[in-house]
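Subject: Structure for you to look at

Hello,

Here is the structure I promised to hand over. Please keep it open while you read the notes below it.

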Amino acid sequence: MIRMNFTPKNMNTTSVLFWLLPLSIVLHNVEEFIFPGGFIGWYKRYKPEIADSIRPKILAITNILLIGGSLNPAINAVSEVTIIIWLAFASIVGINIFYHVKGSILSRTYSPGLITSLIVYLPLVVYGYYYFISTGKVPIWIVAICSVTGIASQAFLYYNHKRRVRKLHSVNK
């Protein structure tokens, strides 16, 4: 049964964190693709080895899944499972912070998404992880496993792009 966690009596720190994550992802996507936008072009210049695989459809699907998955804790009852889901998705956006910072430094250009990464994602992820660890709502070993989710997701996405490029090039030979 779905129980929305946004009534005033339910608005505790956990519920606020649960809602802030999908909202922050939407805001980040606005920066990347709408205002100022330009992420796809920047991404292709930054990672030319996978440029042929970077397509709006793939990025849209990835971001829809990210937003949809991050909504799960917000629309379901607070439990250890929804906290674990939140931590896993927070890890994914947390790794995205480093991606934008590293990309901006190495390319010496602005990576669309950098600003929301630093002023929205960073405080949300740091505080969220601090809150869930300090309150003991989930065991630390689960927090550690959730933290790996972000690294694994970035590795999966990158290597999937590499696989698609190989496939595209083998078809075009």
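Which helix gives the most to the lining of the largest pocket? The answer is α4, with 8 residues.

Some ground rules come before the rest. This is a predicted model, in which local features need pLDDT of at least 70 and side-chain atom pairs count only at pLDDT 80 or more, while totals for chains, interfaces and linings use all residues. Residues are numbered from 1 along each chain as its sequence is written, and side-chain values use heavy atoms, with hydrogens and water left out. Helices (H or I, at least four residues) are DSSP runs, numbered from the N terminus.

The largest pocket

The largest pocket holds about 780 Å³ of space. Of the 30 residues that line this pocket, T62, N96, S153, Q154 and L157 are the closest to its centre. A pocket here is an open set of points on a 1 Å grid over the protein atoms alone, where a 1.4 Å probe fits, with protein on both sides within 12 Å along at least five of seven lines; lining residues have an atom within 4 Å of a point. Grid points are joined across faces, edges and corners, and the volume is the space filled by probe spheres set on the points.

At least two lining residues come from each of α1 (13-33), α2 (39-46), α3 (56-75), α4 (80-107) and α6 (140-171). Sorted by class, the lining has 18 nonpolar, 9 polar and 3 charged residues. Ala, Val, Leu, Ile, Met, Phe, Trp, Tyr, Cys and Pro count as nonpolar, Asp, Glu, Lys and Arg as charged, and the others, Gly among them, as polar.

E32 is found in helix α1. E32 is buried yet has no salt bridge, and R45, the nearest side chain of opposite charge, is 13 Å away. Buried means under 20% relative accessible area and exposed over 50%, with partly exposed in between (1.4 Å probe, protein chains only). A salt bridge is a side-chain nitrogen of Lys or Arg within 4 Å of a carboxyl oxygen of Asp or Glu. For charge, Lys and Arg count as positive and Asp and Glu as negative; His and the chain ends are not counted.

Not counting residues up to four places away in sequence, E32 touches G37, G38, F39, N96, H100, P112 and G113. Contact means heavy atoms within 4.5 Å.

P112 sits in the loop between α4 and α5. Why does P112 count as buried? Because its relative accessibility is 3%. Its contacts beyond four places in sequence include E31, E32 and W42. The C-alpha atoms of P112 and W42 are 7.6 Å apart, although 70 residues separate them along the chain.

Two loop details

In the loop between α1 and α2 lies P36, which is joined to F35 by a cis peptide bond with omega about 0°. R108 belongs to the loop between α4 and α5 (114-134). Its phi is near 55°, a positive value in a residue other than glycine. R108 counts as exposed because its relative accessibility is 77%.

I50 is in the loop between α2 and α3 and is buried, with a relative accessible area of 0%. Its C-alpha atom is 5.8 Å from that of H161, which is 111 residues away along the chain. Leaving out residues up to four places away in sequence, I50 touches Y43, Y158, H161, K162 and V165.

G128 lies in helix α5 and is buried, with a relative accessible area of 0%. Apart from neighbours within four places in sequence, G128 is in contact with L17 and W86. G128 and V171 are 43 residues apart in sequence and 45 Å apart in space, C-alpha to C-alpha.

Regards
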